[in-house]
Amino acid sequence: MLSRTADHLFWMARYTERAENTARMLDVHVQSALLQPSAEASSEGWASVLGISELTADFKARHGAINADNVLAFMVRDSANPSSICSCLRAARENARAVRGAITTEAWETVNQTWLELQRLAAEPRMRRDPSVLFEWVKYRSHLLRGVTSGTMLRDEAFHFLRIGTLLERADNTARLLDVKFHTHASEFHGSAGNRGQELDFYHWAGVLRSVSGFEVYRKSYREAITPERVAELLILRANMPRSLAACMSEIVSNLSKVANPQSAETLRRAGLLNAQLQFGRIEDIMSTGLHAYLTDFLWRVNELGSAISQDFLAA
């Protein structure tokens, strides 16, 4: 496969996954903002949205005050923000158009129709009154594209690069979400006295789980009260949780091994080492040495892995 074709497929998948992750994150914060005890707490919640994507400085340069309306406009419709939902889905469509012959007709039509319909939906007044409708639609379209590619494409190199792009983006997002939520908010409600504190603690961690479709999975896996440690274990080490770091890395290694070339041995080794540490890790060890340090290291290694993949397969 030509490197530029692999590059377009890789980034088409990453941008689609990023749009879905942004929609998930914003949807949870729209709902949780209703439970915030003060305007200051609400502002901190929206600041964490920007922090997860490392967009705080860009946002302040353009909008200044951090509030729901400004953050939603910046993260949904702002074409100058490359991580906004509109920017991501436009970029996904442009990458798909560039490799029209490498994907099926059904996959192209799904990507193209998503972009065309998004422009109409984002402009509707009702979407601004109830943005959760738009977020659910973005998640649905991302699910639809994954289903279409899985159901219509050959399991060839094109399919494997799509999966690698999707899973790298997903692992990065899950790690960022956990890091920000623990580092910034874990002590805000956790362990606070009284029923009100316990209620806020529950809704906070339930919101984290719902942002990765993990609430029902948590209940099935643990059948106990939601605790930060168990949330971390589910989203880091449980290989049967689709959005966990362990699940993402396991499938990344599998797909990388199927597109391996003579110069990718070191990249595959790095991915395999990271995967093994997740497969055999224990949450007690991670928490005792520091979750923030662990996730910071993971994010650095995943970003290095993405750079190595680009060098081995995608560089012209």
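This is a predicted model: local features need pLDDT of at least 70, side-chain atom pairs count only at pLDDT 80 or more; totals for chains, interfaces and linings use all residues.

Student: How many cavities of 30 Å³ or more does the structure hold?
Tutor: The structure holds 4 of them. The largest cavity has a volume of about 120 Å³.

Student: Which residues line the largest cavity?
Tutor: The lining consists of M12, A13, T16, E17, S142, L145, R146, T149, F159, L162, R163 and T166. The elements giving two or more residues to this lining are α1 (3–32), α8 (131–152) and α9 (157–189).

Student: How do the residues of that lining divide?
Tutor: They divide into 5 nonpolar, 4 polar and 3 charged residues.

Student: And the second largest cavity, what volume has it?
Tutor: Its volume is about 90 Å³. The lining has 13 residues, and those nearest the centre of the cavity are T16, L89, V111, T114 and L145. T16 and L145 are also in the lining of the largest cavity.

Student: Let us turn to helices. At what angle do the axes of α1 and α5 cross?
Tutor: The axes cross at roughly 160 degrees and come within 8 Å. Angles over 145 degrees count as roughly antiparallel, so α1 is roughly antiparallel to α5.

Student: Is the crossing left-handed or right-handed?
Tutor: α1 passes α5 in a left-handed crossing. On the α1 side, the contact is made by H8, W11, M12, Y15, T16, R18, A19, T22, A23 and L26. On the α5 side, the residues are I85, C88, L89, A91, A92, N95, A96 and A98.

Student: Nonpolar, polar or charged: how do the residues of this contact divide?
Tutor: The contact of α1 with α5 has 13 nonpolar, 4 polar and 1 charged residues.

Student: Now the pockets. How much space lies in the second largest pocket?
Tutor: About 270 Å³ of space lies there. This pocket is lined by 14 residues, and R18, S53, E169, D172 and R176 lie nearest its centre. R18 is also one of the residues through which α1 contacts α5.

Student: Where does the largest share of the pocket lining come from?
Tutor: That share, 5 residues, comes from α1. α1 and α9 each supply at least two residues of the lining.

Student: How do the residues of the pocket lining divide?
Tutor: The division is 2 nonpolar, 6 polar and 6 charged.

Conventions: Residues are numbered from 1 along each chain as its sequence is written. Side-chain values use heavy atoms; hydrogens and water are left out. On a 1 Å grid over the protein atoms alone, a cavity is a set of points where a 1.4 Å probe fits but cannot get out, and a pocket is an open set with protein on both sides within 12 Å along at least five of seven lines; lining residues have an atom within 4 Å of a point. Grid points are joined across faces, edges and corners, and a volume is the space filled by probe spheres set on the points. Helices (H or I, at least four residues) and strands (E, at least two) are DSSP runs, numbered from the N terminus. Ala, Val, Leu, Ile, Met, Phe, Trp, Tyr, Cys and Pro count as nonpolar, Asp, Glu, Lys and Arg as charged, and the others, Gly among them, as polar. Axes are lines fitted to C-alpha atoms, for helices over the stretch in contact, and angles run from 0 to 180 degrees between N-to-C directions. Angles under 35 degrees count as roughly parallel, over 145 as roughly antiparallel, 65 to 115 as roughly perpendicular and the rest as oblique. A crossing is left-handed if the near helix is turned anticlockwise from the far one by less than a right angle, and right-handed if clockwise. Contact means heavy atoms within 4.5 Å.
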